[in-house]
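I opened my notebook to look into one structure. Here is what I turned to.

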Amino acid sequence: MTETGPPTTITDDRVLRPGDDGYDAARQVWNAMVDHRPAMIVRCRETSDVAAAVRLARSEGLEIGVRCGGHSVVGHAVPDGGLMIDLTPMRGVRVAPRRRRAWVQGGALLGALDAATQPYGLATTAGNVSHTGVGGLTLGGGMGWLARKHGLTCDNLVSCELVTADGDVVRASEDENPELFWGLRGGGGNFGIVTEFELRLHETGTRALSVELDFAAGGAAPAMARWRDLNATAPREATYAATVYDSVVTLGFVWIGDPAAGREHAQVLDALGPPLDRRVVEMAYVDLQRREDTLEGHALRRYWKGHYIRELPDAAIEVLVAQDPTVAASVQAYGGAIAEVPDDATAYSQRDAAFEYVAAVRWTDPAEDEERMAAARASAARLVPYASGVYVNVLGDEGAEGVRRAYPPEKLARLTALKDAYDPGNVFHLNQNIPPSP
Ligand code: FAD
């Protein structure tokens with residue numbers, strides 16, 4: 001490990017305290033239910049600021065929260081009364097097009113990554129909403145429209161630089177600290193604060209196609225069963241996706257690459273029967289990546305519950321199409337390159353999931369909090385008999401039980417050993433926490 005120099009020096013222009021201009025804006029995150037008030041926010045501009053902030057928090061006994069995109073649904077990034085390490089000023093992305101590499105700073109958003117790579121016709125897997133952070137998304141796995149072809153974001157991680165719980169700066173890759181590198185690919189923010197991600201890029205072109213067929217929820221089960229069967233043999237350019245909301249079931253796929261080939265594949269959906277509406281939209285890849293930005297925008301109250309589903313039997317489909325119309329359920333296909341990575345190669349788990357299911361609710365009136373959250377919980381609870389686990393990045397308030405659903409026992413044991421080595425005091429615990437050994 002390399003020492004980073006001066007322990008706790010942070011210049012005043014990087015620190016926000018309650019009452020300062022910009023303090024309230026800096027503590028706001030995606031979910032409007034989160035109203036935490038840190039004692040101090042350190043707006044980090046470089047790795048040495050992050051190291052100094054870690055040391056300062058430890059010397060002052062302040063709880064640490066790490067903020068990148070601020071999309072943790074429970075607001076883990078913002079420690080109430082603690083020190084928020086705000087990485088958002090570290091949002092740079094550097095691309096080496098011929099080497100097919102991007103170096104992404106730890107506070108960058110997905111939109112910055114796509115904007116930097118797409119001028120070269122390159123991209124790597126990123127999530128479906130461009131204001132999500134590269135930090136949280138990559139460290140938990142990173143699912144997106146390119147994953148069936150090119151693997152999860154964490155599968156495209158080549159190396160990273162991070163600040164440890166002691167404020168040291170270390171690198172991790174297959175060759176340097178390989179066990180740490182294993183844990184950073186799926187183990188979340190438990191082992192340190194990543195200040196730079198090196199990501200592998202792919203020639204993806206710049207075009208995408210979305211195909212969506214709407215059905216009335218009442219009679220949609222046979223169509224959804226056919227959609228599920230077609231998914232099993234779908235090409236990797238296609239990611240099958242479905243939503244169930246407001247008594248409408250939307251079935252289709254997103255295609256990355258030659259839109260003409262996507263349109264040709266769309267013909268298989270004729271087997272679903274006549275839809276109420278059919279939308280085939282060709283667009284730029286960057287527009288696809290921003291398509292849900294407004295719908296999934298900030299300032300609303302949010303809650304969700306999710307599952308991985310290894311198979312989607314007819315009985316599960318019956319439950320899905322009959323769900324509470326106020327809850328927005330999404331089902332997104334996995335498989336392809338995700339499933340080809342050996343399970344023990346990364347901390348990320350459950351590569352055998354066929355689909356990810358999320359039941360989400362959004363609202364504005366705090367008086368509705370309990371009712372809305374209960375609706376999402378109830379929808380997800382009805383699918384528990386068909387669930388095989390959960391994606392760590394979709395966990396919210398489940399605590400240790402959720403973490404046990406995200407990782408099988410042998411992975412959890414290996415992650416615990418890594419936590420013992422890198423953060424035995426559990427300095428980084430505002431996350432989906434892997435506690436050190438007792
Ligand atoms: P933050 O709240 O800033 O960070 C969450 C946690 O990640 C922090 O508490 C910290 O523990 C850790 N962390 C963040 N950055 C770093 C860093 N640089 N170093 C160390 N630890 C860090 N997931 C997908 O896989 N695919 C999707 O398509 C997708 N879409 C989403 C859309 C929306 C609207 C939302 C809200 C979430 C979505 N997610 C998706 C889930 C997303 O991956 C997680 O919410 C993730 O934690 C968000 O990361 P963040 O950096 O934006 O959040």
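My entries below cover the ligand and then the cysteines.

**Entry: the model.** I noted at the start that this is a predicted model.

**Entry: the shell.** Which residues come nearest the ligand? I found Cys68, Gly70, Gly133, Met143 and Tyr391, out of 33 residues around the ligand. I then sorted the shell by class. It has 17 polar, 14 nonpolar and two charged residues.

Entry: I looked up oxygen atoms of the ligand. One lies 2.6 Å from a polar side-chain atom of Tyr391. For Asn128, a backbone N or O atom is 2.8 Å from a ligand oxygen. For Leu430, a polar backbone atom is 3.4 Å from an oxygen atom of the ligand.

**Entry: cover.** I checked the ligand's area next. Taken alone, the ligand exposes 950 Å², and the protein buries 92% of that.

**Entry: elements.** Which elements give two or more residues to the shell? I listed β3 (64–67), α4 (134–140) and β10 (193–200). Of the elements, α4 gives the most, with four residues.

**Entry: cysteines.** How many disulfides does the structure hold? I counted zero. Cys44 is in no disulfide, and its nearest cysteine sulfur is that of Cys68, 12 Å away.

Note on methods: Residues are numbered from 1 along each chain as its sequence is written. This is a predicted model: local features need pLDDT of at least 70, side-chain atom pairs count only at pLDDT 80 or more; totals for chains, interfaces and linings use all residues. Side-chain values use heavy atoms; hydrogens and water are left out. A residue is near a molecule or strand if one of its heavy atoms lies within 4 Å of it. A polar contact is a pair of N or O atoms within 3.5 Å; within protein, one must be able to donate a hydrogen and the other to accept it, and residues adjacent in sequence count only if both atoms are side-chain atoms. Accessible areas come from the Shrake-Rupley method with a 1.4 Å probe; for residues, only the protein chains shown count as cover. Ala, Val, Leu, Ile, Met, Phe, Trp, Tyr, Cys and Pro count as nonpolar, Asp, Glu, Lys and Arg as charged, and the others, Gly among them, as polar. A disulfide is a pair of cysteine sulfur atoms within 2.5 Å.
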